[in-house]
Amino acid sequence: MTEIGWIIVAPVMFITCVQINTASQSEPHYRWTTLDWLEAHNVSHELYNVTTADGYQLQLQRLPRPGARTVLLVHGLLGSSLGWVCLGPDKSLAFQLHQLQYDVWLANLRGASPYGRRHLELTDVMADFWRFSFHEHGTYDLPAIIDRMAEVTGGEQESSGADKEEPPRQVLLIGHSQAFNAFLVLCSMHPRFNQRIQLMQALAPLARLHGQVRFDSAQVRSLMKFVKKRQKSNKFEIFPPGYFRKRCQSKQDQCEYYTKRLAGSAQSNKRLLEAFNYEYLLQGGSAREIQHLQQIWKSGDFIAYDYGPIQNMQVYNGVEALRYNLSQISVPTILYFGETDAIATPEGVHGIYARMMSSVRSVRRIESPKFNHFDFLVSSEVKTLVNDKLIESMEKFLEGKLSYIIE
C-alpha cells in the first residue's frame with residue numbers, strides 16, 4: 001500500500017487515490033465556490049453568519065423569497081453548499097427551487113470549505129477545530145442554522161404586519177447522504193425540531209452501515225490506517241480543497257475501476273469521474289467523522305461517537321456510547337436511492353425504512369438502471385431523475401396527496 005492508501009470520498013466511500021484526466025479542469029467553473037456560481041448567474045442572494053453554541057461560525061446562504069415556503073438544503077460528508085448549485089441554473093436543485101418561488105437556504109456545516117472554517121477561539125490548523133463528526137453537525141450546527149432562519153423570516157413576518165405570536169415557519173429539509181445522520185441526531189437530541197421540520201427528503205441516506213454497504217473489512221482497515229497516518233503527521237483535515245484534483249492526474253483507468261466498484265456504476269460512464277474535477281465539491285472532513293462512521297459500521301447500530309469506557313462515562317454517563325433514540329423522530333420522511341449506489345445501497349435504505357416505519361412516508365428508487373452516490377450531485381440528468389421527482393413529491397405532500405409508495 002502506498003502512502004495514499006485507501007481514502008474516503010463523500011460520504012462514506014472507500015477508494016484508492018489514483019489519478020484522473022484533468023483536461024477539462026481548464027474550465028473555470030470547476031474552481032468556483034457557491035458564491036462564484038450565484039454571482040456569475042446574477043442570482044439575488046443573502047449571506048448570514050451563524051454561531052453555534054460551541055463557537056463555530058458558519059455561513060448560511062439564501063436565495064430569498066420572503067414569505068414563501070422555506071427550504072433548507074444540507075450537504076453530506078466532504079461536501080458544502082456547492083453541491084446544490086454546481087450544475088448551474090438549468091440543472092441544480094437550489095436554482096430550480098428558487099425559480100419555483102421557494103425561499104431557498106443553503107447550509108454549510110463545520111469543516112466545509114470555505115464557509116465552515118471559522119471559530120470564535122480556534123483556527124482550522126488546530127487539532128481541536130477538527131474534533132467533530134455528524135454528531136456535532138446535528139447537535140450544534142443544524143439547531144443554530146434553523147433557529148437563525150426562524151429569526152430572519154420571523155422578522156420579515158413582523159415587518160409585514162403578521163402576528164408576533166405566530167410560531168416559526170416550518171422548514172422543508174432536503175439532505176444528501178450523511179446529512180440524514182445529522183437530521184437523526186438533531187431530532188433525537190433536540191425533540192423540539194420534530195415540530196419545526198415539516199418534511200425531510202433524504203437523498204442516498206445513511207444510518208447503519210454494517211452489512212448494508214458494498215465494501216469489506218479489509219477496505220475499512222486500510223482506510224483507518226490512512227486516517228491514522230494523517231493524524232500522526234498532524235494533518236487534521238483529511239482532504240483539503242483540491243486534494244483529489246491534485247492527486248488524481250493520471251491512471252484514469254484505475255480510478256474508473258475503483259469508483260465503479262466502491263461508489264457504484266454511474267448513470268453515465270462519461271461523467272463517472274466528474275465529481276473529482278471540482279475544487280470544492282469533495283473536500284474537508286475530519287478524522288473523527290471517518291472514525292465515527294467506522295464505529296457505526298463495526299457496531300451495526302446507529303450510535304454516538306465512542307470515546308472508550310472512561311471518557312464515555314464523562315460524556316454519556318455510561319461505559320457505552322449513546323444509542324440515538326430514533327423512536328423520537330416523527331418528521332415525515334421520504335427516502336431516495338440509486339440502484340447501483342454502493343454506499344447508500346437499496347438494502348441499506350430499506351433497512352432505514354424498517355426502523356422508521358412510523359415516520360417514513362415513501363421510499364423512492366431513482367428511475368435509472370445505473371445511478372450511484374455521486375450522481376445525486378453531478379448526473380447530467382439530475383433534473384429529470386431527481387429534482388423534478390423530489391419537487392413533485394414535496395408538493396403532493398404539502399397538498400395532502402402524497403401516495404404511500406415503497407419501491
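## Overall make-up

Of the 407 residues in the protein, 61% are buried. The model is a predicted one. The protein contains 14 helices and 14 strands. Among contacts in the protein with a separation of 6 or more, 78% are between residues 24 or more positions apart.

The protein exposes about 16200 Å². Carbon and sulfur atoms supply 47% of that area.

## The annotated active site

The UniProt record, an unreviewed entry, carries the annotation "active site" for S177, D341 and H373. These residues span 197 residues in sequence, yet no two of their C-alpha atoms are more than 11.1 Å apart, so they gather at one spot.

S177 is placed in the loop between β8 (171-176) and α4, and H373 in the loop between β13 and α13 (375-378). Are these two residues buried or exposed? S177 counts as buried because its relative accessibility is 1%, under the 20% cut-off. H373 is likewise buried, with a relative accessible area of 0%. The side chains of H373 and S177 are joined by a polar contact of 2.9 Å.

## Helix α4 and the residue F183

F183 belongs to helix α4, which covers residues 179-189. With a relative accessibility of 0%, F183 counts as buried. Which residues does F183 touch, leaving aside those up to four places away in sequence? They are L142, L173, I197, M200, I329, V331 and T333.

F183 can also be placed relative to G138. The two lie 45 residues apart along the chain, and their C-alpha atoms are separated by 6.0 Å.

## Helix α5 and the residue N194

Helix α5 (residues 193-196) holds N194. N194 is buried, its relative accessible area being 7%. The N194 side chain reaches the backbone oxygen of C187 at a distance of 3.1 Å.

When residues up to four places away in sequence are not counted, N194 touches C187, Q328, I329, S330 and V331. I329 and V331 are also among the residues that F183 touches.

## Helix α12 and its cover

Helix α12 runs over residues 346-355. Its buried residues are P346, G348, V349, G351, I352 and Y353. What covers these buried residues? The cover includes helix α4 together with the strands β12 (333-337), β13 (360-365) and β14 (405-406).

## A nonpolar surface patch

On the surface, M357, Y404 and I406 form a nonpolar patch. Together these residues have about 310 Å² of accessible area. Y404 is located in the loop between α14 (382-398) and β14.

## Salt bridges

Side chains of opposite charge can pair when their charged atoms come close. A search of the whole structure finds 19 salt bridges. One of them joins the side chains of R31 and E279, at 3.8 Å from N to O. R31 lies in the loop between β2 (13-16) and α1 (34-40), and E279 in the loop between α9 (274-277) and β11 (284-286), so the pair ties together parts that are 248 residues apart in sequence. R31 is partly exposed, with a relative accessible area of 45%, whereas E279 counts as buried at 10% relative accessibility.

Another salt bridge is formed by the side chains of R131 and D128, at 2.7 Å from N to O. R131 is partly exposed, with a relative accessible area of 44%, and D128 counts as partly exposed at 40% relative accessibility. The side chains of R323 and E320 also meet in a salt bridge, at 3.5 Å from N to O. R323 is partly exposed, with a relative accessible area of 43%. E320 counts as exposed because its relative accessibility of 53% is over the 50% cut-off.

Key: Residues numbered from 1 in each chain as written. Predicted model: local features only at pLDDT ≥ 70, side-chain atom pairs only at ≥ 80, totals over all residues. Heavy atoms only, no water. Buried < 20%, exposed > 50% of the residue type's maximum accessible area, 1.4 Å probe, protein only. Helix = DSSP H or I, 4+ residues; strand = E, 2+ residues; numbered from the N terminus. Contact = heavy atoms within 4.5 Å. Polar contact = N/O pair within 3.5 Å; in protein donor to acceptor, adjacent residues only side chain to side chain. Patch = residues over 30% accessible without salt bridge, like charges linked within 9 Å, V, L, I, M, F, W, Y side chains within 5 Å. Areas by Shrake-Rupley, 256 points an atom, 1.4 Å probe, with all protein chains shown as cover. Salt bridge = Lys/Arg side-chain N within 4 Å of Asp/Glu carboxyl O. UniProt positions renumbered as here; feature names shortened; annotations may be inferred.
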